[in-house]
Amino acid sequence: MQRYSIPLTPGPVSIPEEVLAAYQFDYGSADLEEDFFRLYAGCERDLQMVLGTQSQVTIQTGEGMLALWGALKSVLRPGDRVLAVATGIFGYGIGEMARQLGAEVEVVGFGHDQAIDPQPVWEAAKRFRPRLVTAVHCETPSGVLNPLDVVGAICRDVDALYYVDFVASAGGAPVEMDSCRIDLGLGGSQKVFSLMPDLSVLAVSDRAWAAVEETGYVGYDALKPWRTALGDRYFPYTHNWHALAGLAVSLQMLLDEGLAEVYTRHAEVAAYCRQRLQSMGVRLFPADEDFAAPTVTAAYVPDQWTWDALDAALRSNGMVVGGNYGDLAGKVFRIGHMGSQANLNLVRRGMDVLETVLTAHPVRQTAPSPRS
Ligand SMILES: *Cc1c(COP(=O)(O)O)cnc(C)c1O
């Protein structure tokens with residue numbers, strides 16, 4: 001198994017020593033002890049600050065996908081209408097998940113290199129009258145950051161619940177759940193929070209809780225028991241005390257640095273990464289730099305390179321970045337600079353390696369755009 005000195009994947013990201021240390025202690029029984037309940041309550045309060053919300057924030061065992069599925073299953077009944085706003089693999093995927101659950105799904109779709117345009121969303125919402133509107137803040141596979149507030153206003157106008165996947169942005173870009181009127185906000189541990197892939201975060205508004213009660217879904221990923229779990233000192237299963245201890249450290253680090261400073265750090269590292277790529281003649285994937293994500297940068301695999309050859313060359317220099325899925329596989333690669341990896345020195349070292357590798361095998365500048 002190879003290890004890398006320049007970790008730049010867009011999740012799981014490198015785990016800071018302080019966070020890792022929290023996993024190394026022995027704790028008691030997470031299902032019984034007041035110390036655990038206090039730890040959980042503290043993480044919830046800190047997450048409310050990071051997410052800009054007064055809503056209850058639940059923290060469950062599992063990674064981001066658990067939150068994506070659990071939130072859908074907990075508020076949807078077969079036949080319910082879902083408007084999936086999609087600009088990338090996760091956005092389209094969430095629509096497909098809702099369809100698999102028996103919902104009637106309409107997709108307002110955009111190109112993977114585009115951000116949400118509110119006008120067609122507004123038109124579709126008025127006509128279709130969905131129970132739930134889904135969107136993705138940062139499309140990790142394509143490095144696009146979508147606007148959240150305009151879609152939230154549309155949801156209120158048509159009285160729909162607003163479901164937002166901010167797994168790859170929360171903590172690295174402002175999400176402002178309450179001012180964006182988000183009802184179900186979904187996060188995961190292995191992106192900006194820089195933990196192992198072992199926790200999911202699901203913030204739930206009062207409107208969403210009402211829908212949860214109405215739907216009555218039961219199951220391992222069900223939201224319902226989490227409404228009263230802390231108050232009743234009765235969780236649906238034995239929680240991951242080690243991971244919660246790591247999350248508490250990670251959140252404290254974000255709040256000690258200051259959220260505004262954290263967001264600036266991410267924006268500056270991302271801008272630096274884009275500038276270095278462009279100076280090497282590597283073409284950025286998002287059509288407009290204005291909606292390039294601060295947590296992950298996506299770029300076209302340079303001509304004369306296959307993704308496999310580029311990946312191998314970087315790895316042999318100790319650097320690991322992200323490949324891609326679906327239509328973007330082999331064409332678009334990603335540099336993850338979120339959380340612990342939003343570090344200018346790290347990204348500079350990575351860009352230096354990339355430059356060395358590409359210089360040995362220069363980029364041809366005249367390529368037509370392979371639109372996906
Ligand atoms: C990482 C990620 C998820 C969660 O996927 P996992 O496989 O659980 O890590 C969901 N949405 C987005 C946008 C992500 O980047």
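This is a predicted model: local features need pLDDT of at least 70, side-chain atom pairs count only at pLDDT 80 or more; totals for chains, interfaces and linings use all residues.
Student: Before we dig in, what counts as a nonpolar core?
Tutor: A nonpolar core is a set of buried Ala, Val, Leu, Ile, Met, Phe, Trp, Tyr and Cys residues joined through side-chain atoms within 4.5 Å. Buried means under 20% relative accessible area, exposed means over 50%, and partly exposed is in between, using a 1.4 Å probe and protein chains only.

Student: OK, which residues touch the most other members of the largest nonpolar core?
Tutor: F36, L51, V121 and L247, out of 60 residues in that core. Helix α2 (residues 34-51) supplies the largest share, nine residues. Helices here are DSSP runs of H or I with at least four residues, strands are E runs of at least two, and both are numbered from the N terminus.

Student: And why does the core lie between domain 1 and domain 2?
Tutor: Because domain 1 (6-13 + 259-360) and domain 2 (17-256) both give residues to this core. Those bounds come from an automatic or database domain assignment.

Student: What does V121 touch?
Tutor: Leaving out residues up to four places away in sequence, V121 touches L83, V85, V108, F110, I116, V151 and I154. Contact means heavy atoms within 4.5 Å.

Student: Switching topic: where's that cis peptide bond?
Tutor: From G11 to P12, with omega near -5°. P12 is in the loop between β1 (6-7) and α1 (17-22).

Student: Which residues have a positive phi without being glycine?
Tutor: R129 is one of them, with phi of about 50°, and R233 has a phi near 50° too. Most residues other than glycine have a negative phi, and most peptide bonds are trans.

Student: Where do R129 and R233 sit?
Tutor: R129 is in the loop between α5 (118-128) and β5 (132-136), and R233 is in the loop between α8 (229-232) and α9 (241-257). R129 is partly exposed at 42% relative accessible area, and R233 is partly exposed at 35%.

Student: Last one: is G326 buried or exposed?
Tutor: G326 counts as exposed, because its relative accessibility is 60%. G326 is in the loop between β12 (319-320) and β13 (332-336). Its C-alpha is 9.7 Å from that of P141, 185 residues apart along the chain.

How values were computed:
Residues are numbered from 1 along each chain as its sequence is written. Side-chain values use heavy atoms; hydrogens and water are left out.
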